[in-house]
Amino acid sequence: MASEIREVAQEVADRLRRRGIPLSGDERPDELADLLTAVERFEQAVEARGGDLMVDDLKSSQPDDPHFVLPPRATEESVRDYIARIDTAMVQVREHPDINA
């Protein structure tokens, strides 16, 4: 059971890193799962407003719309604090004009 949890946590950590989110390696499996859920909610909000996740991402030097870029995680920022900032940014995305309108 513990090895399965570690494997799943590693998979989630890899998915977060591929999105450009730095991790310390000290994050607990439940924190990683909550962070991935927050990131996916943010991405869904971006797509609902017409954003392109291939262009509007943390690794892009010229996003189409900076409002649609996930906020970067600050050095030493806790997972809980980062999730709160992601949720705030998601609300702003939902209030942002739809670029397809």
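Reader: Hi! How many nonpolar, polar and charged residues are in the lining of the second largest pocket?
Author: The lining of that second largest pocket has four nonpolar, three polar and six charged residues. Ala, Val, Leu, Ile, Met, Phe, Trp, Tyr, Cys and Pro count as nonpolar, Asp, Glu, Lys and Arg as charged, and the others, Gly among them, as polar. This is a predicted model, where local features need pLDDT of at least 70 and side-chain atom pairs count only at pLDDT 80 or more, while totals for chains, interfaces and linings use all residues. Residues are numbered from 1 along each chain as its sequence is written, and side-chain values use heavy atoms, with hydrogens and water left out.

Reader: Thanks! Which residues lie nearest the centre of that second largest pocket?
Author: Ser 24, Glu 27, Arg 73, Glu 76 and Glu 77 lie nearest its centre, out of 13 lining residues. The volume of this second largest pocket is about 180 Å³. A pocket here is an open set of points on a 1 Å grid over the protein atoms alone, where a 1.4 Å probe fits, with protein on both sides within 12 Å along at least five of seven lines; lining residues have an atom within 4 Å of a point. Points are joined across faces, edges and corners, and the volume is the space filled by probe spheres set on them.

Reader: Tell me about H2, then. How many residues does H2 have?
Author: Helix H2 has 20 residues, 29-48, and spans 29 Å from first C-alpha to last, close to the 28 Å expected at 1.5 Å a residue. Its buried residues include Leu 35, Leu 36, Phe 42, Glu 43 and Ala 45. Helix H1 (2-18) and helix H3 (79-95) are among what covers the buried residues of H2. Just after H2, Gly 50 takes a positive phi of about 95°.

Reader: What is Arg 41 in contact with, leaving aside its neighbours within four places in sequence?
Author: Arg 41, in helix H2, is in contact with Asp 87 and Met 90 once those neighbours are left aside (contact means heavy atoms within 4.5 Å). Arg 41 is partly exposed, with a relative accessible area of 31%.

Reader: Is Met 90 buried or exposed?
Author: Met 90 is buried, at 7% relative accessible area, and its place is in helix H3. Beyond its neighbours within four places in sequence, Met 90 is in contact with Arg 41, Phe 42 and Ala 45.

Reader: Last one: what is the mean pLDDT of the chain?
Author: The mean is 90, and 96% of the residues reach 70 or more; pLDDT is the predictor's confidence in each residue, from 0 to 100. Among the elements, H1 has the lowest mean pLDDT (93) and H2 the highest (96).

Methods. Helix = DSSP H or I, 4+ residues; strand = E, 2+ residues; numbered from the N terminus. Expected span 1.5 Å × (residues − 1). Buried < 20%, exposed > 50% of the residue type's maximum accessible area, 1.4 Å probe, protein only.
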